[in-house]
Amino acid sequence: MGTIAASSSSTKRVLILGSTGSIGVQTIEVIEHLNTLESKGKSSVRYEVVGLAVGSNHQQLADQAVKLGVRDIAIASMCEEFDQSSFKVRTGKNAARKLVEDVPCDLVVGAIVGIAGLDSVYRAIELGIDVALANKETLVAAGGLVIQAAQRSGAKLFPVDSEHAGVWQCLQSLSNNYCPPMLAPALVERVILTASGGPFRRHTRDQIENASLNDALNHPTWKMGAKVTIDSATLMNKALELIEAHWLFGLDADCLGAVIHPQSVVHAMIECADSSVIAQMGAPDMKAPIQHALGFQERIEGCASKLDVTKLSRLDFIEIDPDRFPAIDLAMGVIKEGGDAGAAFNAANEHAVNAFLNNKIPFGMIDQIVAQVMNDWDTQPISTIEDVYAADSKARECVGRLCEAIAEKSQ
Ligand code: MG
């Protein structure tokens, strides 16, 4: 027998949706690291990437697919010169969903940015496939539907976002097997997410109003894509994360909070009934939460930067000023409102951020426009994904009208 005996390793087949974005690229790095550990006998799980999906970044996708030996791929916006000969390609708006339906896998990494990521992740959950969730919009826009689908199908949700991964780990310290969509245990009285405060933490509201694109893209602690970097500057990112936490851990608005923590070292805290506070810490490096989500509480050697606590001279926790950063109060309103308010909030923000990135509105109008849309919003219940998309389109139309009015005024 010339073959080497198979080790006792199990194989985990992974689909990466949004593989060329910041989280997708780091997920591949973490998988390569974990497979190196497995080949050295330090881990019992081998990760096999079985499919990759992107929006339009063909060349980088092709490079990733060749390197990882992946045949099944999905590209939402196809270009003619792409050489398809080595791949089985799905194209079009539903390409990522088709990939989920076609390719058997054990885990879907949902890292497509924006509402475009909802459809494929929702389908995976309906099919009972566990999801490492990095796409915020899935829960913000369709949280009720997604959680119900996960409870029906048995799919687990592994949060990749650093704050939710932090909460998850704090909750695991109370109950080893804790994993969303399970409700947080009743002895948890409050969950607190930390926010770096972004580049405008010390700015006055006047300075925030007129911040430039470069200033807004210059995040002090995290390296991320443009949308989430702008969201960090308005604190809309924290607002979206509070809505996500509401769904993931089954907590009401009065059990949720956020504080500014400029060092970005404590990612989340939970306050327990016995008055103890449990915090999760780590260097600001997304590879740590990605590995946790992939390896589900196997605390094996990581490839993320290590935190040296002796290098920390201080840890600050500062209350968020609602006048300078109205996003947090808006999120609490959305959580209380329920129905399609989350879909409207998410779409209004996404559309307003695009308008800012395209130089159509000043920075300070992003949260003002979202506030206006939510103020005028007539909340309806949602029972299907189509209801979510309808609310999404309606909110975008509202933002479009508000942006036009702003443009007219400034002429
Ligand atoms: Mg985060």
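These questions and answers look at how terms are applied to a predicted model.

Q: What makes Asp-72 count as buried?
A: The cut-off for buried is under 20% relative accessible area. Asp-72 has 15% relative accessibility, so Asp-72 counts as buried. Asp-72 is found in strand E3.

Q: Why is the link between the side chains of Asp-72 and Arg-90 called a polar contact?
A: A polar contact needs a pair of N or O atoms within 3.5 Å, one able to donate a hydrogen and the other to accept it. The side chains of Asp-72 and Arg-90 are joined at 2.9 Å, so the distance meets that limit.

Q: Which residues does Asp-72 touch, not counting residues up to four places away in sequence?
A: Asp-72 touches Val-50, Gly-51, Leu-52, Lys-88, Arg-90, Leu-99 and Val-103. Touching here means heavy atoms within 4.5 Å.

Q: How do you know that strands E2 and E3 pair?
A: Pairing takes at least two bridges. Four bridges join E2 (residues 45-54) to E3 (residues 72-75), so these strands pair. The two run parallel. In one of the bridges, Val-54 has Ile-75 of E3 as its partner.

Q: What is the strand order of the open sheet?
A: The order is E4-E3-E2-E1-E5-E6-E7, seven strands with parallel pairing.

Q: Why are E4 and E7 said to stand at the edges?
A: Strand E4 (88-91) and strand E7 (157-159) each have a single partner strand, so one side of each is left without a neighbour in the sheet. On average, neighbouring strands of this sheet are turned by 25° against each other, direction ignored.

Q: How do you know that E6 pairs with both E5 and E7?
A: The threshold is again at least two bridges. E5 (residues 107-110) and E6 share four bridges, so they pair, in the parallel sense. E6 and E7 share three bridges, so they pair too, also in the parallel sense. In the second pair, Leu-133 stands opposite Pro-159 in E7.

Q: What makes both faces of strand E6 count as covered?
A: Asp-130 and Ala-132 are buried on one side of E6 (residues 130-133). Val-131 and Leu-133 are buried on the other.

Q: Where does the peptide bond from Pro-180 to Pro-181 stand, cis or trans?
A: This bond is cis, with omega near 15°. Most peptide bonds are trans. Pro-181 has its place in the loop between helix H6 (162-172) and strand E8 (188-195).

Definitions and conventions:
Residues are numbered from 1 along each chain as its sequence is written. This is a predicted model: local features need pLDDT of at least 70, side-chain atom pairs count only at pLDDT 80 or more; totals for chains, interfaces and linings use all residues. Side-chain values use heavy atoms; hydrogens and water are left out. Axes are lines fitted to C-alpha atoms, for helices over the stretch in contact, and angles run from 0 to 180 degrees between N-to-C directions. Buried means under 20% relative accessible area, exposed over 50%, partly exposed in between (1.4 Å probe, protein chains only).
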